[in-house]
Amino acid sequence: MVAVTAGLLLLCLIGVADLQEAVDAECCAEAPADDAQVTEDTQQELDVELEEACPELSGQIIGGRPTSINRHPYQVSMVLNGNSFCGGFIISPDYVLTAAHCVQNTSPRAIRLRVGSTRRDTGGRIVRVSNVTVHPQYGRPQFDNDIAALRLARPLNFNQNIQAIRLPRRGQGVPLVRLTVTGWGLTAVGGRRIPRIMMEANVPVVPHWLCQLSYGEALTNHMFCGGHFLIGGVSSCQGDSGGPAVFRNTAFGVVSFARGCALPLSPTVFTNIASLRTWITDNTGV
């Protein structure tokens, strides 16, 4: 890791904070009180005991909150052998995108997708996958091109809770704003349950050059970073791999990897969808 003076990091933080102030209020609005309403008992169910999952945080609270499929109708829960294991998102009636590391060497027949539900274990509908296409250059270098396309066995019928999300143009830059990451959380150590209700977190984009101070050459041009660079405490512990990073109903990223769990100086790394747009179009028609 490249050494950086405290003064330079402070200037970086101030610059990013100024940019974040320009985000529309709608990006950070509270979730509506429909099926995302949470009683005190349900809230206890939602807790992942993040201190146990990420003891390095020393009591910091991950910056997520319960949300609803009404707000994120593109969100998909991926199920393998009856267990939720990754997220994904709808891009057309026939295709879902996810992270390559979620489905590499996995038979399409083993995967089920739950669509149209705020809960990961009930509601909505279950759909089958007919084909899995992993980016041919995935993992060269490690985690590069971390994207895969899932062709559905039958086209989806869109409704209020099942919708496709837009994708950026080829080569479009990732805006330096807060992106919304959604999912059902990561499996905690010690056998703690992950949330049953969808969570969302607002994650500030970290400039590419700044993120390279943390990840060095591991950070390629097919990636970008999100999180509070200096203090950590938000992002990957609240969202599954393969889920989307969204701004104004456009998915700019796919949750890929991170060092640790929302740690300072270790933001979450996302696959940059715009940089792989040609591959997506060639393999999905979108």
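1. A residue is called buried here when its relative accessible area is under 20%, exposed when it is over 50%, and partly exposed in between. Asp 121 has a relative accessible area of 28%, so this residue is partly exposed. The model under discussion is predicted, and the points below should be read accordingly.

2. Asp 121 takes part in a salt bridge with Arg 196, with an N to O distance of 3.4 Å. Arg 196 belongs to the loop between strand E8 (178-183) and E9, whereas Asp 121 belongs to the loop between E5 and E6; the pair therefore ties together parts that are 75 residues apart in sequence. Arg 196 has a relative accessible area of 25%, and so it too is partly exposed.

3. Arg 114 is buried and yet has no salt bridge. The nearest side chain of opposite charge is that of Asp 121, 6.2 Å away. The side chain of Arg 114 does, however, reach the backbone oxygen of Asp 121, at 3.2 Å.

4. What surrounds Arg 114, once residues up to four places away in sequence are set aside? The residues touched are Gln 75, Val 76, Ser 77, Arg 119, Arg 120, Asp 121, Thr 122, Gly 123, Arg 125 and Ile 126. One of these, Val 76, has Gly 88 in E3 as its bridge partner.

5. The count of salt bridges comes to 4. One of them joins Glu 200 to Arg 65, with the closest N and O atoms 2.6 Å apart. Since Glu 200 is in strand E9 (residues 199-206) and Arg 65 is in strand E1 (residues 64-66), this pair ties together parts that are 135 residues apart in sequence. Glu 200 counts as buried, at 0% relative accessibility. Arg 65 also counts as buried, at 16%.

6. Glu 200 forms a further salt bridge with Arg 71, where the closest N and O atoms are 3.2 Å apart. This pair links distant parts of the chain, 129 residues apart: Glu 200 is in strand E9, and Arg 71 is in the loop between E1 and strand E2 (75-80). Arg 71 is partly exposed, its relative accessible area being 25%. Arg 65, Arg 71 and Glu 200 are accordingly described as linked in a network of salt bridges.

7. Strand E3 (residues 83-90) is mostly covered, with 6 of its 8 residues buried. On one side of the pairing scheme, E2 and E3 are antiparallel and share 6 bridges. These two strands form a hairpin with 2 residues between them, and Asn 81 in the turn has a positive phi of about 55 degrees.

8. E3 also pairs in the antiparallel sense with strand E4 (residues 95-98), over 2 bridges. Phe 89 has Leu 97 in E4 as its bridge partner. The hairpin formed by E3 and E4 has 4 residues between the strands.

9. Strand E11 (residues 244-247) runs antiparallel to E12 and is joined to it by 4 bridges. Within this pairing, Phe 247 stands opposite Thr 250. E11 and E12 form a hairpin with 2 residues between them, and Arg 248 in the turn has a positive phi of about 50 degrees.

10. E12 is likewise joined by 4 bridges to strand E13 (residues 268-272), again in an antiparallel arrangement. Gly 253 has Asn 272 in E13 as its bridge partner.

11. A last point concerns Gln 137, in the loop between strand E6 (125-134) and strand E7 (148-152). Gln 137 is partly exposed, with a relative accessible area of 37%. Apart from neighbours within four places in sequence, Gln 137 is in contact with Asp 144 and Asn 145. Gln 137 and Ile 147 are 10 residues apart in sequence, and their C-alpha atoms are 9.7 Å apart in space.

Conventions:
Residues numbered from 1 in each chain as written. Predicted model: local features only at pLDDT ≥ 70, side-chain atom pairs only at ≥ 80, totals over all residues. Heavy atoms only, no water. Pairing = 2+ DSSP bridges. Buried < 20%, exposed > 50% of the residue type's maximum accessible area, 1.4 Å probe, protein only. Lys, Arg positive; Asp, Glu negative; His and termini not counted. Polar contact = N/O pair within 3.5 Å; in protein donor to acceptor, adjacent residues only side chain to side chain. Contact = heavy atoms within 4.5 Å.
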